[in-house]
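Biologist: I am new to this one. Please show me the structure, and I will ask how its labels were reached.

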Amino acid sequence: MLEQLKQANSTPLKNWIKSRWQDLIDLALTEIKVEDVKLETGDLIKYFGKLSAAIRAIPSQRQEIRNKINPHTVTLLTALNEFIDNSKTVLDDSTKLVVIVDNLDRIVPINRRDHKTNHDEIFLDRANQLKGLNCHLIYTIPISMAYSNRANDLRDIYDNDPMVLPMIMIRNLDRTINPDGMAKIKAIIEKRTQQFLPTKKLETDIFESQEVLERLCLMTGGHVRNLILLMQTALDHVDALPITAKAAQRAITQARDVYQRTVEHEQWKILAKVYRTNEIQNDEAHRKLLFNRCILQYAYFDADAELKSWYDVHPLITEIKEFKDAILSQPTPGGV
C-alpha cells in the first residue's frame with residue numbers, strides 16, 4: 001500500500017516505526033539511529049520489508065520477532081487504518097481501495113498438537129486482525145481449507161463463502177480439447193510475450209509450431225502458475241527463439257518428475273479413482289492432493305445455468321508409470 005499510495009500521508013506509520021525502533025534494533029533489523037532518519041515513504045517500505053523478510057527467512061528468529069511484534073499488532077492496525085483513511089482523501093471519488101493479499105494459498109499446512117493447523121491459526125484465530133483494515137480485502141487461502149470441516153467457520157467469520165477459483169477448462173469433461181480454454185491459455189502467453197516481442201507471432205516465432213505450443217498448454221491442466229513455470233523452463237533450454245519441441249518436452253519432463261516425487265505411494269490409487277470418476281471425497285487424503293495441485297478443479301454452467309464442478313488429475317501425472325499401473329489395477333466401471 002505504501003508503494004501504491006505514495007501520495008497519501010504516511011505519518012501514522014512513521015510514528016509506529018519510531019515507537020518500535022528499539023525492538024527493530026534488538027532484532028538486528030536495522031543499524032540506523034532513529035534521529036538520523038527522516039523516515040520518508042521509501043524508508044518505511046525498506047523497514048517493513050526487512051521485518052517481513054526476516055520473519056520468512058530466519059526460522060530461529062521467527063518466534064522472537066513474533067514476541068516483539070504481537071503486543072503491538074493493535075497499534076499497527078490502528079496506524080494502518082489511519083494511513084488508509086488518509087489515502088482515501090487523495091483518491092478519486094470513483095476509485096475503490098481494494099487490498100489483495102496473494103500467495104497465502106501456498107502456505108504449507110502444519111499440524112499442531114491441539115489438532116489445529118497453522119491454517120486455522122492464521123485464517124480463523126487471527127480473523128479479527130485480517131478483517132481489521134478499513135478497505136475491501138481479498139485473501140487467497142489454501143484450497144484444502146475451503147474443503148475442510150472449517151469451511152462453515154470461514155463463512156461465519158468472514159460473512160462470505162470462500163470463492164474457489166477453478167482452473168481454465170482447457171479440456172472438457174470427456175477430455176476433448178475445449179477451444180475457448182485453449183484460446184484463453186494462448187492469450188495469457190501472448191499477453192506476456194508481447195510486452196517484449198510485440199512483432200513476434202506466437203505459433204511461428206515464439207514456438208516452432210502450433211503443435212508444440214498446444215502440447216505445452218495442455219500439460220498445464222489450465223493452471224496458470226504451471227503455465228508460467230513451464231514457459232520459463234522451456235526458455236531455459238533454448239539459446240534463441242522459437243521454443244522447440246525438444247525444449248518444451250524437457251520442461252514437461254522436469255515438471256512431471258516433480259509431481260512424481262510429490263505423490264506418495266498410497267495416493268496413486270486415489271488419483272486413479274478421481275481420473276475415472278471425476279469426483280473427489282471430502283477427506284484429508286483428497287484435500288492434500290488438492291493442496292498439492294495433483295487434483296485440479298474445473299467448473300461450467302449446465303443447461304439450467306447451474307454451476308457444476310468436476311475434478312481431474314493433473315495431466316503431468318497421467319503419463320507417469322505408477323499412475324498408469326494404478327489405472328490398470330482399478331476395476332472397470334460397470335464390470336463384475
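Modeller: This is a predicted model. A nonpolar surface patch of about 270 Å² is made by Val98, Ile100 and Ile138. Ile138 belongs to strand β2, residues 136-139.

Biologist: Why is Ile138 called partly exposed?

Modeller: Its relative accessibility is 43%. Buried means under 20% and exposed means over 50%, so Ile138 falls in between and counts as partly exposed.

Biologist: How many aromatic pairs does the structure hold?

Modeller: Three. One of them joins Tyr275 and Phe323, with 5.4 Å centre to centre and 85° between the planes.

Biologist: What makes the pair of Tyr275 and Phe323 edge-to-face?

Modeller: The angle between the planes is 85°, and planes over 60 degrees apart count as edge-to-face. Tyr275 is in helix α15 (residues 267-277) and Phe323 in helix α17 (residues 321-329), so the pair ties together parts 48 residues apart in sequence.

Biologist: Are Tyr275 and Phe323 buried or partly exposed?

Modeller: Tyr275 counts as partly exposed because its relative accessibility is 25%. Phe323, with a relative accessible area of 2%, is buried, since buried means under 20%.

Biologist: Why is the pair of Tyr298 and Trp310 called stacked?

Modeller: Their planes are 25° apart, and planes under 30 degrees apart count as stacked. The centres are 4.7 Å apart. Tyr298 lies in strand β3 (residues 295-301) and Trp310 in strand β4 (residues 307-313), so this pair ties together parts 12 residues apart in sequence.

Biologist: What sits over the ring of Tyr275?

Modeller: The charged end of Arg175, 3.7 Å from the ring centre.

Key:
Residues numbered from 1 in each chain as written. Predicted model: local features only at pLDDT ≥ 70, side-chain atom pairs only at ≥ 80, totals over all residues. Heavy atoms only, no water. Patch = residues over 30% accessible without salt bridge, like charges linked within 9 Å, V, L, I, M, F, W, Y side chains within 5 Å. Areas by Shrake-Rupley, 256 points an atom, 1.4 Å probe, with all protein chains shown as cover. Salt bridge = Lys/Arg side-chain N within 4 Å of Asp/Glu carboxyl O. Helix = DSSP H or I, 4+ residues; strand = E, 2+ residues; numbered from the N terminus. Buried < 20%, exposed > 50% of the residue type's maximum accessible area, 1.4 Å probe, protein only. Phe/Tyr/Trp six-rings, centres within 6.5 Å; stacked < 30°, edge-to-face > 60°. Lys NZ or Arg CZ within 6 Å of the ring centre and 35° of its normal.
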